[in-house]
Amino acid sequence: LVLTLQIVVQLDTPLFLFLAYGPEKLEPAMLLAQAAGKGAMAIVFAGLAWLVLCRESVERFPVLARGRIRSLLGAYAFQQSRLELLERELQTDPLTGAFNRRYLERTVPDILQLDRRRGDPSSLLLLDLDHFKAVNDRHGHLVGDRVLRHVAEILREALRRQDSVIRYGGEEFILLLPGTGLEAARSVAEGLLENLGQRPLRLDDGDLVAIGATIGVAVSPTDGSTWQAVLACADERMYAGKRKGRGRVVAASTATAGPM
């Protein structure tokens, strides 16, 4: 039992990383940590199974084992589900429900690397809300929070399931579009600006809060080999759009005006 479980759990992660991302992803420190954790878990479950064998007669074991093993597998699946839920919570911004910087640093590099291995581009959009400070000054920070939640919802609705909406900080959002080139990303960004402009936030008193944004677009690996480099390029283009008057998409050296 120990040997079987050890073989399964020890080969699981290295084989997945090797097949999905290549040998460069097989970092010794990470492999050692997963080997220790999964190895200990395999010993625990093997020990539990051994205790069942020792306590029950051979004749009764086939009947009892089904229930015991089902319970053990159910408990394991429950714990795995809890761990996955906890990891998702750690990577989610509590205000908007978008992903957070932890997701950006831990998951986005793997997505970019997978696209590079496939020979596909990945586009990163940096969206900054225009005049957001004025919204806070006029309506208060609670309304500002509602605007951020409203924007995050619009972005999620407009993008594909494989795309990621990440709250980078304050009123800035990062949009990761795997397998998407420059022209397609520019089209998506222009559609987002139009969508935001057409959906102001309606307050309880009926007042409407207009929403505008400026978006910088960068593409991996053309504009950088790491997420930091691609983000820096998108950030530079976003600020170029701010200097040109806001409410526009900037990709490469051109700027496309959007709704103000």
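**Core and cavity**

A: The largest nonpolar core holds 32 residues, and those with the most contacts inside it are Leu 125, Leu 129, Val 147 and Ile 215. A nonpolar core is a set of buried Ala, Val, Leu, Ile, Met, Phe, Trp, Tyr and Cys residues joined through side-chain atoms within 4.5 Å, where buried means under 20% relative accessible area, with a 1.4 Å probe and protein chains only. This is a predicted model, in which local features need pLDDT of at least 70 and side-chain atom pairs count only at pLDDT 80 or more, while totals for chains, interfaces and linings use all residues. Residues are numbered from 1 along each chain as its sequence is written, and side-chain values use heavy atoms, with hydrogens and water left out.

Q: Which residues does Val 147 touch, not counting those up to four places away in sequence?

A: In soluble globular proteins, nonpolar side chains tend to be buried together. Here Val 147 touches Leu 129, Phe 132, Val 135, Leu 201, Val 209 and Ile 211, with contact meaning heavy atoms within 4.5 Å. A second, separate core of 18 residues includes Leu 112, Leu 124, Ile 174 and Cys 233.

Q: Which residues line the largest cavity?

A: Rolling a probe the size of a water molecule over the atoms shows where empty space is left. A cavity is a set of points on a 1 Å grid over the protein atoms alone where a 1.4 Å probe fits but cannot get out, and lining residues have an atom within 4 Å of a point. The lining of the largest cavity consists of Leu 129, Asp 130, Phe 132, Val 135, Val 147, Val 209, Ala 210, Ile 211 and Gly 212.

Terms used: On a 1 Å grid over the protein atoms alone, a cavity is a set of points where a 1.4 Å probe fits but cannot get out, and a pocket is an open set with protein on both sides within 12 Å along at least five of seven lines; lining residues have an atom within 4 Å of a point. Buried means under 20% relative accessible area, exposed over 50%, partly exposed in between (1.4 Å probe, protein chains only).
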